[in-house]
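Subject: Structure handover

Dear colleague,

I am passing on the structure we spoke about, together with some notes on what turned up in it. Please look it over before reading on.

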Amino acid sequence: MFCTVKQPLISVRVCERKTAVLESCSIVPPLSLSLPRPRSLVSVQKPLHLSCGGLGLGLGGVRRDFVARGAYEAERSEVEGARPPSDAAKKVKIGIYFVTWWALNVVFNIYNKKVLNAFPFPWLTSTLSLACGSFIMLFSWATRLVEPPNTHPQFWKNLFPVSVYHTIGHVAATVSMAKVAVSFTHIIKSAEPAFSVLVSRIFLRETFPFQVYLSLLPIIGGCALSAVTELNFNMIGFMGAMISNLAFVFRNIFSKKGMKGKDISGMNYYACLSMMSLLILTPFAIAVEGPQVWAAGWQTALSQIGPQFIWWVVAQSIFYHLYNQVSYMSLDEISPLTFSIGNTMKRISVIVSSIIIFHTPVQPVNALGAAIAILGTFVYSQDLENL
Ligand code: 3PG
């Protein structure tokens with residue numbers, strides 16, 4: 001289990017000493033990006049879409065300092081005393097990361113839904129996912145598998161709003177998945193770029209070129225078509241996915257402030273985020289659901305499924321942490337744009353596999369809506385790339 005955590009440690013140790021954050025971009029834990037401090041920065045004027053862990057934030061019309069990949073790679077090999085990997089080796093590595101990320105996410109989504117079908121208490125399962133991640137990271141710090149971060153009160157103060165939105169986004173997505181098909185939640189979550197642009201426009205007063213707004217039409221239209229033709233539509237499930245989209249966009253915005261100038265790796269930042277979110281979520285989970293209904297529900301699930309139900313819960317919690325971990329590792333190697341395309345493809349993997357595994361009934365017009373929405377996300381990414 002800890003091999004996965006251990007693998008990026010070589011670069012993490014470097015990062016703990018020499019951390020630079022893409023502070024002008026909204027990179028969000030668990031996918032906050034921490035890179036060795038670059039020797040040179042290039043300024044890019046392009047609008048940039050960052051979709052981190054299923055999160056997107058469109059940024060446009062503002063100056064951003066962006067780490068030059070060449071400088072990053074040069075510094076990394078200099079520190080580690082190794083030659084930079086060839087293009088082919090890098091592509092293979094990124095390919096392995098992507099496949100692992102999607103596979104872990106598919107497994108998480110399947111076990112998460114299996115658990116929620118038998119034990120419909122999303123507030124508890126969300127809490128357990130965060131608890132598992134927190135435990136893994138505390139263990140890693142205690143055993144020095146991961147160098148613990150040096151934090152101060154202001155860091156935790158800045159982390160608080162990020163944690164609030166992280167908690168809301170996580171629990172809302174899980175509530176959604178408890179009420180509707182996994183595929184439907186992910187179709188609605190593919191509308192994240194639209195939320196990013198709208199929030200940036202309304203709250204940050206950022207402007208975007210007309211074609212960016214235009215490219216949102218298929219995303220919104222496709223999701224709407226899919227929603228109105230969804231056979232098992234449920235308003236709570238729909239709203240959960242929508243709230244998750246909104247909360248994750250705000251999480252991006254606040255994480256920008258939280259990460260700014262902090263000497264902490266993305267992995268440790270996410271660990272702290274998990275821990276703070278766990279503290280925030282626990283009292284709400286107890287208030288909304290509570291130990292009595294959990295105990296009764298647990299007994300029912302055990303009697304229906306058998307002891308393997310416990311392993312489903314363990315699996316969904318561990319895979320939640322692992323997929324976030326690997327997505328962070330992917331982001332460390334690629335541009336945010338490539339990452340956002342990878343994240344959309346992740347949703348396709350989840351949608352297709354969950355439809356097959358759970359025998360989700362899909363009408364042709366419903367599938368058409370999903371396809372338009374997903375295609376819209378690609379068009380959106382391309383629009384930003386070409387600006
Ligand atoms: C969660 O529980 O936080 C969601 O499942 C996140 O999904 P995403 O990483 O695909 O956005």
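Which residues make a nonpolar surface patch of about 430 Å²? In this model, which is predicted, the patch is made by Ile 168, Phe 233, Met 235, Met 239 and Ile 243. Helix 10, which covers residues 235–259, gives the most to the patch, with three residues. Met 235 is found in helix 10, and this residue counts as partly exposed because its relative accessibility is 49%, a value between the 20% under which a residue is buried and the 50% over which a residue is exposed.

If residues up to four places away in sequence are not counted, Met 137 touches Val 146, Met 267, Asn 268, Ala 271, Met 275 and His 321.

As for the protein chain as a whole, its secondary structure comes to 15 helices and six strands, and 57% of its 387 residues count as buried. Among the contacts between residues at least 6 apart in sequence, 83% join residues at least 24 apart. The accessible surface of the chain comes to about 15,800 Å², and 68% of that surface belongs to carbon and sulfur atoms.

A word on confidence, which you will want to keep in view alongside these values. The protein chain averages a pLDDT of 76, with 73% of the residues scoring at least 70. Confidence is highest in helix 12 (residues 291–305), at 97, and lowest in strand 6 (residues 64–67), where the mean is 29. Over residues 1–80 the pLDDT is below 50, although this stretch has 253 contacts in the model beyond near neighbours in sequence.

With best regards

How values were computed
Residues numbered from 1 in each chain as written. Predicted model: local features only at pLDDT ≥ 70, side-chain atom pairs only at ≥ 80, totals over all residues. Heavy atoms only, no water. Patch = residues over 30% accessible without salt bridge, like charges linked within 9 Å, V, L, I, M, F, W, Y side chains within 5 Å. Areas by Shrake-Rupley, 256 points an atom, 1.4 Å probe, with all protein chains shown as cover. Salt bridge = Lys/Arg side-chain N within 4 Å of Asp/Glu carboxyl O. Helix = DSSP H or I, 4+ residues; strand = E, 2+ residues; numbered from the N terminus. Buried < 20%, exposed > 50% of the residue type's maximum accessible area, 1.4 Å probe, protein only. Contact = heavy atoms within 4.5 Å. pLDDT = per-residue confidence, 0-100.
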